[in-house]
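Visitor: I would like to learn how to read the place where two chains meet. Could you take me through one example, beginning with a single pair of side chains?

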Amino acid sequence: MSERPLLEIVDVHKRFGAVEVLNGISLTVERGEVVAVLGPSGSGKSTLLRCINHLETIDGGRIVFDGRLVGYREVDGRLRPESDRRTARVRREIGMVFQRFNLFPHLTALGNVTEAPVHVLGLSRAEARERGSGLLARVGLGERLDAYPSELSGGQQQRVAIARALAMQPKLMLFDEATSALDPELVGEVLAVMRDLAADGMTMLVVTHELEFARDAARRIAFIDDGVIVEEAPPAEFFSAPRTERARAFLGRLHQR
Amino acid sequence: MLLAGALDWGVIGDNLFSDLVLGGVRLTLALTVLSMTIGGALGTVFGIMRGSRIAALRAASVGYIWLFRGTPLLVQIVFWFFALPQLWPGWAPWNGQLSPFQAGLVALSVNEGAYMTEIMRAGLLSVDPGQVEAAKSLGMTGPLTMRRIVLPQAMRVVIPPIGNEFIAMLKNSSLVSVISVSELFLVAKLQYSSTLRYLEWLLIVSIWYLALTTVASLAQAWLEQRFSRGRRPQGRSLGARVTGALERLGRDTGR
Ligand SMILES: Nc1ncnc2c1ncn2[C@@H]1O[C@H](COP(=O)(O)OP(=O)(O)OP(=O)(O)O)[C@@H](O)[C@H]1O
Ligand SMILES: [Mg+2]
């Protein structure tokens, strides 16, 4: 089973009303791989990530994580919605980092990081504290354990959010424009943590506008436009010799800025 | 013979802390605390139902509010004590009849629950949906997310209106005097009816109601402070919150 890719997205369709946002997306992520997802605004990048951990339902295709369907179970060859409990079980193993951090404002940094390990994994408070303070130290916040999110800068909040996801010891990390809401001078500290994770062998699917990060840290680029993957290539190839017209146009627009 | 304008302070002094009055205070407090607790629980359940994906649960919640907010509390009190046993003799598990206190408590709780449903609903809606997504992404189930993430954040929003409800309840609980629960007001009523010392007895109960509502306002200010933890701007000082709470005292209305 461990030969199987960690994540298999097969011909996934997603509509919002009449608008087809994902038009048959297929993407495979191997264990330990870092894949950067690029694409113009509104192309469906966030929707794709949100389908992977079933924050959105899908209208066609399937998403298989570590050998298990996410959000559905198969009955007589058809997909039926899975129970809240079982979906939650799969989500434990998929960390997600949001553009707007979504830290729990009523909990301290350490509280944010220990909440799910205690209440979902059943760790003792002492174990969770140890794991949590270790992770916060790893993202450079070992001194701010008792700070509330409102007392932290955006970059610090996002690092807490990364530590919070890591505390579940996920097999896959999803990043949805983790640095887009940050002041430019704070972007670097968050990217550094992400690079560190990548170097450590974490499997990551990263939606980003940071081309430099995509080039250095990703093994593969998946370029999305209009809800389909238009081009998939190693970064060196994608950035120097994009095969498709749409990718060339996208990169051209970015370089003009 | 009573002389016009002759307020007898002696009556007040003799009775302010008499066992009779203190008994009334105790009942008023018991009715308020218990009905707010039960009403709060009802409001939480119906408030969550109000936002449910299941249409029947939403409808039940809307119907509950419609019925109990749309009829006078006084009518509801009389209904629970006199009319329901007529309609359905043996409905109560306790030999078919609720005591006045029990009926009053049920009436106040169920009525309060309707108002609390609206308050909880607003509180739940005030929580950023991103919070639920973050909780889900960590593998938290719906009920766990509600308990650990959504409700604690809703508290910050619902505490001021719940404080107002509590203060209103201290006063509205006097309505159960109509089914002869000897809470504070009924104690006074029985006394002024027999002694004709209206002014003295109304002063006695008013002093007590003011004392209770003042303490409740201070508690509310303290709670607001506590539940704003982690929120920036740190906002108003405790002093300002106390003043605000006392100002609201003058404003909130009865049922
Ligand atoms: N909940 C929703 N309801 C209706 N339409 C939606 C919803 N979420 C997304 N969309 C639409 O789906 C399309 C894709 O949105 P998505 O957020 O996935 O794009 P994106 O690639 O992440 O864009 P960006 O780079 O701006 O974040 C957009 O046209 C958006 O308006
Ligand atoms: Mg997006």
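Guide: A salt bridge is a side-chain nitrogen of Lys or Arg within 4 Å of a carboxyl oxygen of Asp or Glu, and here the side chains of Arg148(B) and Glu115(A) meet in one, at 2.6 Å from N to O. This is a predicted model, in which local features need pLDDT of at least 70 and side-chain atom pairs count only at pLDDT 80 or more, whereas totals for chains, interfaces and linings use all residues. Residues are numbered from 1 along each chain as its sequence is written, chains are lettered from A and ligands numbered from 1 in the order in which they are written, and side-chain values use heavy atoms, with hydrogens and water left out.

Visitor: How many salt bridges are there between chain A and chain B, and how many residue pairs are in polar contact across the interface?

Guide: The count of salt bridges between chain A and chain B is 2. A polar contact is a pair of N or O atoms within 3.5 Å, where, within protein, one must be able to donate a hydrogen and the other to accept it, and residues adjacent in sequence count only if both atoms are side-chain atoms; by that rule 7 residue pairs qualify across the interface of chain A and chain B, both residues at pLDDT 80 or more.

Visitor: Which elements of chain A give two or more residues to the side that touches chain B?

Guide: Helices (H or I, at least four residues) and strands (E, at least two) are DSSP runs, numbered from the N terminus. On the side of chain A that touches chain B, the elements giving two or more residues are helix H2 (84–91), strand E8 (94–97), helix H3 (109–119) and helix H5 (154–166), and H2(A) gives the most, with 4 residues.

Visitor: What area is buried between chain A and chain B?

Guide: Buried area is the accessible area (1.4 Å probe) that two parts lose on being put together, summed over both. Between chain A and chain B it is about 2200 Å², of which carbon and sulfur atoms give 56%. In chain A, Phe104(A), His106(A) and Ser150(A) lose the most area to chain B, together 24% of what that side buries. With contact meaning heavy atoms within 4.5 Å, chain A brings 27 residues and chain B brings 23 residues.

Visitor: How many helices and strands are there in chain A?

Guide: Chain A has 9 helices and 12 strands, and its C-alpha trace spans about 50 × 50 × 35 Å along its principal axes.
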